Structures are given as structure tokens and as C-alpha cells.
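Hi everyone, thanks for coming. I'll walk you through one structure today, so please have a look at it before I start talking.

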Amino acid sequence: MLSALALPTLLPRPSAISVAEYRQRRDALMGQLPTNSVVVLPGAGLMTRSRDSDFAFRQNSDFYYLTGIKEPDALLVLLPGRAEGESVVFCLDRDPTMEAWTGRRLGAAGVVVEHGIDQAFENTERDERLSELLAGRELLYLPLHSAEAVGIAEDALHVAQAGLRHGRPPLKGWLDISPLIHEMRLFKSDAEIALLRHAAAISAGAHRRAMHVSRPGLSEFQLQAELEHEFVWQGASGPAYSTIVGSGANACVLHYIENSAPLCKDGLVLIDAGAEFELYAGDITRTFPVAGRFSDAQRALYQVVLKAQERAVDAIKPGATLADIHQGVVRDLTAGLIELGLLEGDVQARIDDDSYRRFYLHSTSHWLGLDVHDVGTYRLDEKTPRPLVPGMVLTVEPGLYIPCDDDIPDTYHGIGIRIEDNVVVTHGGHEVLTADVPKQIAEIETLMAKK
């Protein structure tokens, strides 16, 4: 275990995203909209955990992407061409009594000064001011999944219908703003990549720490504690998603989060965990032997997954597609399964009849950013996979999961292996953000021997 005196070294923090960049994002979004339109985008609210306690607040990703504001119960309104200011935010009221309990609030003045919003009002003025702002706008853009936003649109329609008698333009309807924002979010700026790199570095240190302390006699939740301690110690808000620590056959449950079992003495443990830093996510998976040494069967299966994962990472470059990369992984894993005797026959035949799906249940990659499964389409249309371009950030995470079935040799029963890295597409190819976590067998065993 780490000594209380051997405190981890703090990583240098990257610069925050600038106010100017948030403004550029809002301008870029409004530049895609027709004249006389308006965007209404609510932020997230607090959610009750139990009785009078709330879950830790986490801002809506789209709202944060356009504002950088982390307070709850805020609303962004974008009004292209408005002379008094194109960006307006409604925010929590300044309230000395509430601030004594829950901390400082920005207030309208703080939103303008600290976040570069053109105009801001506190929520006590929202009903009156919002009607004035929306009056005369013909097309409303909003997240259609948001009941709050749809309610605002319906109210605006009623007001617009009443205003027809006074010669105001009609509200023609509303459209979903989410696809436009999500297309923008798919392409990361240099500042975003720096934050993702930092989230990856924190996550990598946590995975190394878990490998270092692992030993028979511990439980899954104790490795979870080591991981999440490192996240918070390094300034992350905590995990970017529910930490997965699956020992033995628990590793074959893809979203196993109970983390309550003892570590299997002679088994592997699969850890899928990442830190969230300034709302940007790390997402790493490593699989290693609890006691520090792979058995022959574990080693053989691990090498199949590792080979497929390394070839997939090497294939990432501008112009490549995730569909092609996934097919390469499927071919490599299927060939490895046949070589180990877990499948029989021709590689292409086992791909065509989906036999490999018994052992490989998921895709190879997903986008990564403000959300761990980040937004953005994977196809340009129904038939055309999206080619990779610089600035995209994705995961590469093949895996094999062997059930405890009678037709499978006992030595492979219940082995689950996944290896996942975070990768940025660059002009010259790619950058692996999570390379600091060992994944070669010899490197893992060497790290785990240093206790």
C-alpha cells in the first residue's frame, strides 16, 4: 500500500478554456442559423439524492460547451443580430441567505464579467424578460429532449399567436438544436485536447496505482477506492462514469459496477475507469493478474486482444474510418480465437456467421470528450462511414469475454480481457493520450513486482 507519507506528485494543470473560445463557439453556432431565429438552451438543475440532499451537480454538456458556466438552473438564449447583445443568460439570483448555505453565486453581473456573456438577468426576471426576447422571432431552436425547453417554446407560441393581432411575425415552429451543437463538439480545439490529455494523465496514474497495490486478499471496492482517491487528489471532480472493477468472471459483465467481490487469487481483474477534469473525460481499461503474474492461458488470450488493439491504434489517421478499424479488430480477434481452439474453421466464415460475437460483444471505439460516450455521428449518411479528421478524439477498446460453457476448455472459463486507450487524430496520424499505463505483459508484471 502507499504510505501516508509518500504523497503522489501533483500533475501540472492545463490552462482553462478561454472566454474568447466560448464566444467563438456561440458565434459559430449562430452563423449556421437563419435570420430572425433564436436558440433556447437550458442548463442542468440539481437532482435530489435523498430527502434534503442532492446529487453532486454536473452541468449539461451542451450548455457548458457554449458558456463555461457551472451553476445550476441557468438558461442560455442566443439571438442572432440583436443590437443589445446576441447572448443572454438567466442565472440564479444573488441571495445572501442561500449563499451562506451553498456558496457564492455568480449573479447577473458575474455571468457577464466572468464568462463574456453579452447580457444576463437573474431568474426572478426570467418570465418577463424571456417573453420580450422571444417576441418577433420566427424560428426557435432548442434541445427537443428537454421538457423545460419545449415548455418555453409552447409558451412562446401562445404569446406569438396573441401578438399576431398587433402585427408581430408568427412563430413558425421549432427545430432541434442538438445536432448542430454535437457536430461542433466532435472536433476538439487545442484547449479541449489539453484538458483531455490531462484527464487521461490523471486516469493513467490511477490505473498504475491500482496495479501497484493489487494483491490477493483485497476486494474490488478497495481497488476502486485507490483509483478514485487518485482522481480527486489530482484535482478531478471524480470518476467520469461508474468505475468498473471486475475480478475473475465479473470481468465478463461489460458494465459491472457492483465492485463488491474479493479479488480472485489466481485470476485477472479488469478495470475500466477514468477521471473527469473540467467536465472532460478520461476512459481507460486495463486487465492484469491480481497476484502479478499471468498464467499461460491468460497470457495467450491477452496477447490476442493486445495484438488487435495495437493494430487498431496504428490504423488511426486522417481518412480512416471506425468501421474499417472495427472490421480489422474483428478479423484479428477471430483469427486468435481459432488459433486458441475457441472457434473452428475459416476466419471469414466465422466472421460471416457471427460466431465471434459469442466472445466479442461490442464495438471497438466511441467518441470521447465532455461526455465519456461523446456526441457526434459515426456516419455521414446511412451508407457512408465518417472519415477521421484531425481533432477527433476516440477510444480503442477491443475485448474478449469467455463464458463458463461446457464446450470451452476449463483454463479459459470466465476470463474477461479488455484493453482501452484514448487517441487523438492528428495531421500526421494520431497521439495516444493514455500511453503511460502499461499494457505489455512484461511491463505489467514488472510494475506489479515493485511493491
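Let me start with a term: a polar contact is a pair of N or O atoms within 3.5 Å, where, within protein, one must be able to donate a hydrogen and the other to accept it, and residues adjacent in sequence count only if both atoms are side-chain atoms. With that in mind, look at R286: its side chain reaches the backbone oxygen of P438 at 3.1 Å. The backbone oxygen of E420 also lies 2.9 Å from a polar atom of the R286 side chain.

Some housekeeping. This is a predicted model, with local features needing pLDDT of at least 70 and side-chain atom pairs counting only at pLDDT 80 or more, while totals for chains, interfaces and linings use all residues. Residues are numbered from 1 along each chain as its sequence is written, and side-chain values use heavy atoms, with hydrogens and water left out.

Back to R286, then. R286 lies in strand 14, residues 284–289; helices (H or I, at least four residues) and strands (E, at least two) are DSSP runs, numbered from the N terminus. Is R286 buried or exposed? R286 is buried, at a relative accessible area of 0%. The cut-offs here are under 20% relative accessible area for buried, over 50% for exposed and partly exposed in between, with a 1.4 Å probe and protein chains only.

Now let's zoom out. The protein chain has 13 helices and 19 strands, and its C-alpha atoms fill a box of roughly 80 × 55 × 45 Å along the principal axes. Of the 451 residues, 52% are buried. If you take contacts (heavy atoms within 4.5 Å) with a separation of 6 or more, 70% of them are between residues 24 or more positions apart.

How is the chain divided? There's domain 1, 19–185, and domain 2, 188–449; those bounds come from an automatic or database domain assignment. The C-alpha centres of the two domains lie 38 Å apart.

The area buried between domain 1 and domain 2 is about 1100 Å², and carbon and sulfur atoms give 43% of that. By buried area I mean the accessible area (1.4 Å probe) that two parts lose on being put together, summed over both. On the domain 1 side, R58, Y64 and R185 lose the most area to domain 2, together 49% of what that side buries.

So what holds charge across that boundary? Between domain 1 and domain 2 the count is 6 salt bridges, a salt bridge being a side-chain nitrogen of Lys or Arg within 4 Å of a carboxyl oxygen of Asp or Glu. There are also 10 residue pairs in polar contact between the two domains, both residues at pLDDT 80 or more.

A few salt bridges to click on. E278 pairs with K70, with the closest N and O atoms 2.8 Å apart. R386 pairs with E183 at 2.9 Å. R386 sits in the loop between helix 12 (347–352) and strand 15 (393–396) and E183 in helix 7, so this pair ties together parts 203 residues apart in sequence. R386 is buried at 8% relative accessibility, whereas E183 is partly exposed at 33%.

Then there's R209 with E226, at 2.6 Å from N to O. R209 is in helix 8 (residues 190–213) and E226 in helix 9 (residues 220–233), 17 residues apart. R209 is buried at 12% relative accessibility, and E226 is buried with a relative accessible area of 12%.

G267 counts as buried, at 13% relative accessibility. What does G267 contact, leaving aside neighbours within four places in sequence? The answer is F288, P289, V290 and Q298.
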